[in-house]
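Here is a friendly walk through a two-chain model. Have the sequence and the 3D view open side by side as you read.

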Amino acid sequence: MTLASTWRGGPTASTRSRRQRYEAARRRRSVLIAVASTAFVVGLLVWLLPKSSGWRNVQRAFFDVDVFGSIFPDLLGPFWYDVQIFLWCAPCILALGLLIAVGRNVRTPALFPVRLIATLYIDIVRGVPVILWITLLGFGVPALLETRAWYGGFIVWGSVALIMAYSGYVAEVFRAGIESVHESQRAAARSLGLSSGQTMRSVVLPQAIRRVVPPLMNDLVSLQKDVALVSILGPVEALRRASIEVSRTFNFTPYVAAAVLFLCVSIPLTRLTDHLLQRERRMMTGTAIT
Amino acid sequence: MRTRALTITVVAVAVAVGLSACGSDDDADDADEEAATTTAAAGASTTAAEAATTTSAGSTPAGPARVEPNAEAAACAQGKTLEPGVLTVATGEPAFPPYVVDDTPENGQGFESAVAYAVAGTMGIGPDAVEWIRTPFEAAIAPGPKDFDFNLQQFGITPERAEVVTFSQAYYTGNQAILGYADSAAASAQSLGDFQDLRIGVAAGTTSLNFVIDVLQPTEEPLVFNDNAGAKAALDSKQIDAIIADLPTAIFISGVEIEGTAVFGTFPPVDGTEGESWGLLFAKDNALVECVNLALGALSDSDQLEAITTKWMTTGTPIPEISLE
């Protein structure tokens, strides 16, 4: 390619530097390879799956289009129940988690008990499976209260169990964020005359929280699915509604329908997390290498 | 109300004594026949305790009862079991009384355990050659090969289910019952409307749940639990007014498990209600089902099935029937 032709070509491929052309070619090449390998794998699956002897049974049991169509609208109402639990649990978890993380990081000697309690809380709460917390609190506390009032309800205590369990995880995420803020930041703030509390509030936390947004989203995605565990306490939410239908017909398609509903929320949440991660990385390094 | 509570307590004690006393009956035939003469079908006013004491009269070592093989059924079952000469039977984990006692189906105590051993015996398979495995409800119905010959955990027979699995003929037909605290407002419910206004708890995967949704149709959405343990916890903590369960389960809960509760009544079978009859569950088109049907037929002809039913599934107190009108 001569210089003249480059000029005549206008602001197209030829105006780019050799390096840019090379990079564009490499990008095209990776896209082509990705497409080819995806097509190969998907094609293999499509070709092989119907060949397996149990496929017809599996198809009938899990992917029955008629069953899917008839159950899906019925799941929407119960799914809203899941979303509601998620919506009131998430802010509580974030607030409680932050509080505990800060409690775990207090350095005042007089407040050592706070630190001790926060550490113990995280150890205990994270060490027990979520489903056990839900069973223990959800069935246990209403049995103590024996009331039909709102504060004695299964749902309230099931939610409290979720908030407890998840605040443990979230507190650790916040703690990691707080500890990732360099000591010099604290030192600088203190030397400017800020108190310990002020340093935490206006210097450490703003940096820490920004850093941990992606892992926090990760926990929220996880929470969004775990709200279905509250179904063991009796409310007919999406998972339970699906299981009722499964036991009635011995067809598992309703579970697939419920899974699709959960994906409708968790995939956008995950993509948002990815996006935030990417942005964070770009901000930290100035460029993102793909 | 007081007298009722007293009656229930008496029954509770009787059932408890019966359960512990009848851990032994080798010659179940005579004993069961005797019991059968004094009793009718489930739900009638017969005494489990009476049947239990009659059977325990001949004190023999504990374990499943031996049953005379039926030639036809035995010949049929030859080579059709999963493992030759061994019958692999599945039930739930945990299994609840009165279907399985002490969560140990191997002891032959409890209705479903007794039925399994009776079916096995009739097919010429001795108690030693019966292997028990545990499957969750979902595993029993998932597509793919099964690791049991048959599964029994109160599976109601419905046409939809029968498209996916194969059921034997019914080994039990029962009614739904409602129970709650004897001294609660729910106990005074009379009409169907009164019962519909109660807050109901029910176990998932049961025919009771179908009954609640299709027939009872309570005004408030029922709470649905993994098993009756959850429903009991809910009743205990006053989150629900009443539990709907099949009659034998209801009798057991009110008689033995939760003090102060009573069975308010039973609901008559409704035409079009699904799943009032329970069948043994087989993998789709399992050839053994014919032989089991032969065995069940023989057991019911000789009244042995009725005797087992009477022994485990009935109570001494008459329970009112609630009109569904």
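Helices and strands are named here from DSSP runs, where a helix needs at least four residues and a strand at least two, with numbering from the N terminus. Counted this way, chain B has 13 helices and ten strands. Please keep in mind that this is a predicted model.

**Chain B overall**

Chain B has 325 residues, and 56% of them are buried. If you take the contacts in chain B between residues at least 6 apart in sequence, 77% join residues at least 24 apart.

**The sheet of chain B**

In which order do the strands of the open sheet in chain B run? The order is E7-E6-E8-E5-E9, five strands with mixed pairing. E7 and E9 (261-267) of chain B are the edge strands, each pairing on one side only. From one strand to the next, the twist averages 30°.

Within this sheet, strand E5 (residues 176-181) and strand E8 (residues 242-246) of chain B run antiparallel and are joined by four bridges. Helix H10(B) lies across E5, E6 (200-203), E7 and E8 of chain B, and its direction is at about 160° to E6(B).

**Where chain B meets chain A**

H10(B) turns up again where the chains touch. In total, 25 residues of chain B are in contact with 23 residues of chain A. On the chain B side, the elements giving two or more residues are helices H6 (137-141), H7 (159-162), H9 (207-216) and H10 (228-236), together with strand E7 (223-225). H10(B) supplies the largest share of that side, four residues. By class, the chain B side has twelve nonpolar, eight polar and five charged residues.

**Domains and a helix pair in chain A**

The domain assignment of chain A gives domain 1 (3-51) and domain 2 (67-182 + 214-285). The centres of these two domains, taken over C-alpha atoms, are 42 Å apart.

Two packed helices are described by the angle between their axes and the distance between the axes. For H6(A) and helix H7 (residues 154-180) of chain A, the angle is about 145° and the axes are 8 Å apart. Their crossing is right-handed. Residues of H6(A) in this contact include A:Trp133, A:Leu137 and A:Val141, while those of H7(A) include A:Phe154, A:Trp157 and A:Leu162. The residues of this contact divide into 13 nonpolar, two polar and no charged.

**Two residues to look up**

A:Leu136 lies in helix H6 (residues 130-145) of chain A, and B:Val130 is in strand E2 (residues 130-134) of chain B. Are they buried or exposed? A:Leu136 counts as partly exposed because it has 13 C-beta neighbours inside 10 Å, and a residue needs 20 or more to be buried. B:Val130 has 22 such neighbours inside 10 Å, so B:Val130 counts as buried.

Leaving aside neighbours within four places in sequence, B:Val130 is in contact with B:Leu87, B:Val89, B:Ala116, B:Tyr117, B:Ala120 and B:Ile125. The table sets out one residue pair for each of the two residues.

| Residue pair | Separation in sequence | C-alpha to C-alpha distance |
|---|---|---|
| A:Leu136 and A:Leu239 | 103 residues | 20 Å |
| B:Val130 and B:Val86 | 44 residues | 5.9 Å |

How values were computed: Residues are numbered from 1 along each chain as its sequence is written. Chains are lettered from A and ligands numbered from 1 in the order in which they are written. This is a predicted model: local features need pLDDT of at least 70, side-chain atom pairs count only at pLDDT 80 or more; totals for chains, interfaces and linings use all residues. Two residues are in contact if their C-beta atoms, placed from the backbone, lie within 7 Å. Ala, Val, Leu, Ile, Met, Phe, Trp, Tyr, Cys and Pro count as nonpolar, Asp, Glu, Lys and Arg as charged, and the others, Gly among them, as polar. Domain bounds come from an automatic or database domain assignment. A residue is buried if 20 or more other C-beta atoms lie within 10 Å of its own, exposed if 12 or fewer, and partly exposed in between; C-beta atoms are placed from the backbone. Axes are lines fitted to C-alpha atoms, for helices over the stretch in contact, and angles run from 0 to 180 degrees between N-to-C directions. A crossing is left-handed if the near helix is turned anticlockwise from the far one by less than a right angle, and right-handed if clockwise. Two strands pair if DSSP finds at least two bridges between them.
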